[in-house]
Amino acid sequence: MSSWEAIVCGKEENQRKCRTFKTGGKTYKSVPKGKTRIAETAWQSALEILRDALKKKDRVLMETPQDLISCDSEQPSFWMERYAVVTEKRVRDLISVLEEVKFMEDLSKKNAYAYVYPKSRDKTIYLCPLFWAAPRHLDKDSQPGTLIHEASHFLGTRDITYEPFSFYVTCRGVMVKNNSTDPDSPKFLPLVTAVLNANNIAFEFELTLRHRGDYKEGRYSCCGETARNSVCESAVPDKFFASPSNQR
């Protein structure tokens, strides 16, 4: 991919999908004053969510997988469905990228949320029409989730698939179960997407770690968290942290 090729995140068939294209002329401009506050609020929300994940790293983040277990294994007894290998290092890297980004607006791409030039020197996220209408708090296809998605492209993630491929992990993420241990098998894909697919990074926050309860009277009903832009400690069961010998 050249420095003039962009990854555009848009919406097709009611799903967030991305495409790579070569630029054919300047279609972007500075974010207008009326939208600057929205962009800055989404940026701050994404940073607060990532920093909260760091604060709760022992409850919500994973360790680097070390053991690949075949699907017919009976042990351990508990497995959790997740979408991405989000480690402490990955979150710190995402924060570092987001702290440097700046925003431009491009209204020419009607069915897009945002796009980036991942190999450009400046870390600019170009915001498109769907971004402004997206949910402002962490949820599927939300503004903070979109910014996390776009930031991950600067760390080398690609758009391998647009399906929400998941995989199963346990023991803090050290053990991974997959339908195949052969990297050449199509069934191995969830493990590839868990590391390299930008959508999976966003899905991990938007689908796995988001709060399920309502935010009322200054706190979430699911876990009691008071910070509006945060991840949910209750999203990860206690059994996820148990060693195989302690799982029944």
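Q: How many salt bridges does the structure hold?
A: It holds 14 salt bridges, each being a side-chain nitrogen of Lys or Arg within 4 Å of a carboxyl oxygen of Asp or Glu. This is a predicted model, where local features need pLDDT of at least 70 and side-chain atom pairs count only at pLDDT 80 or more, while totals for chains, interfaces and linings use all residues. Residues are numbered from 1 along each chain as its sequence is written, and side-chain values use heavy atoms, with hydrogens and water left out.

Q: What does Glu-204 form a salt bridge with?
A: Its partner is Arg-82, with the closest N and O atoms 2.7 Å apart. The pair links distant parts of the chain, Glu-204 in helix α7 and Arg-82 in strand β5, 122 residues apart. Helices (H or I, at least four residues) and strands (E, at least two) are DSSP runs, numbered from the N terminus.

Q: Is Arg-82 buried or exposed?
A: Buried, at 1% relative accessibility; Glu-204 is buried too, at 0%. Buried means under 20% relative accessible area, exposed over 50%, partly exposed in between (1.4 Å probe, protein chains only).

Q: And which ring does Arg-82 lie over?
A: Arg-82 lies over the face of Phe-240, 5.1 Å from the ring centre. The cut-offs are NZ of Lys or CZ of Arg within 6 Å of the ring centre and within 35 degrees of the ring normal.

Q: Switching to helix α5, how many of its residues are buried?
A: 11 of its 11 residues are buried, including Leu-147 and Glu-150.
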